[in-house]
Amino acid sequence: IAMEIVDTHIHLWDESKLPPWLASDPALSSIACTRSISDYAKDASGNALTLNGVYMEVDVAPSERAREAAEAVALCSQTECFLQAAVIGAPIVDGSFEEFAAYVREWATSPFVVGVRQVLHTQPTSVCLREDVVAKARLCGDLNLVFELCMRCDELKDAATLAKLAPKTRFVVDHCGGHHQLSSSTP
């Protein structure tokens with residue numbers, strides 16, 4: 001009997017264009033190599049399953065976000081690719097509301113973009129409760145986009161508060177709310 005699996009958090013990268021956090025940390029050298037969709041498919045093959053997936057942004061440099069989003073959408077649009085959707089990187093913390101709104105509205109027109117994320121565990125504590133971040137989360141709800149949260153465990157109460165402040169928005173907590181050892185300097 002075949003089982004259908006949806007992997008909602010697939011990271012891919014090219015070793016020639018590694019995200020800054022991955023390229024600069026010698027402790028991560030074992031994963032600092034190309035991770036392509038064909039590598040993923042090969043690793044998953046041989047199982048009795050039908051695979052579908054969602055591309056998850058990899059915290060590229062802000063200047064690389066649009067390129068990463070375009071590459072993810074291009075992959076999703078290939079009929080032979082099992083990626084069905086993408087969560088793209090967005091200027092949630094480092095951009096103004098106007099910059100965020102223009103960027104997200106543009107990408108929300110793609111049928112493949114289902115959400116946005118900017119890694120928060122490298123940001124100051126409680127940054128998700130900043131007024132402009134709350135407004136950005138609300139806009140995602142208005143656009144029917146998921147607002148992904150990648151944050152430290154000790155900030156999960158902030159995530160609950162944010163969810164109350166943006167009740168029309170769907171939130172996804174990545175990595176089960178982090179790990180107790182995550183700190184603001186850990187990617």
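Biologist: Is Phe171 buried, exposed or partly exposed?
Modeller: Phe171 is partly exposed, at 21% relative accessible area. Buried means under 20%, exposed over 50%, and partly exposed in between, using a 1.4 Å probe and protein chains only.

Biologist: What about Phe147, buried or exposed?
Modeller: Phe147 has 1% relative accessibility, so it counts as buried.

Biologist: What kind of model is this?
Modeller: It's a predicted model, where local features need pLDDT of at least 70, side-chain atom pairs count only at pLDDT 80 or more, and totals for chains, interfaces and linings use all residues. Residues are numbered from 1 along each chain as its sequence is written, and side-chain values use heavy atoms, leaving out hydrogens and water.

Biologist: OK, rings now. How many aromatic pairs are there?
Modeller: Four. Rings of Phe, Tyr and Trp (its six-membered ring) pair if their centres lie within 6.5 Å; planes under 30 degrees apart are stacked, over 60 edge-to-face, and the rest tilted.

Biologist: Why is the Trp13 and Trp21 pair edge-to-face?
Modeller: Their planes sit at 90°, so the pair gets that label, with the ring centres 6.1 Å apart. Trp13 is buried at 12% relative accessible area, while Trp21 is partly exposed at 23%.

Biologist: And how do Phe147 and Phe171 pair up?
Modeller: Edge-to-face, with 5.7 Å centre to centre and 70° between the planes.

Biologist: Switching topic, how many residues are in the largest nonpolar core?
Modeller: The largest one has 44 residues, and Phe147 is among those with the most contacts inside it, as is Ile88. Such a core is a set of buried Ala, Val, Leu, Ile, Met, Phe, Trp, Tyr and Cys residues joined through side-chain atoms within 4.5 Å.
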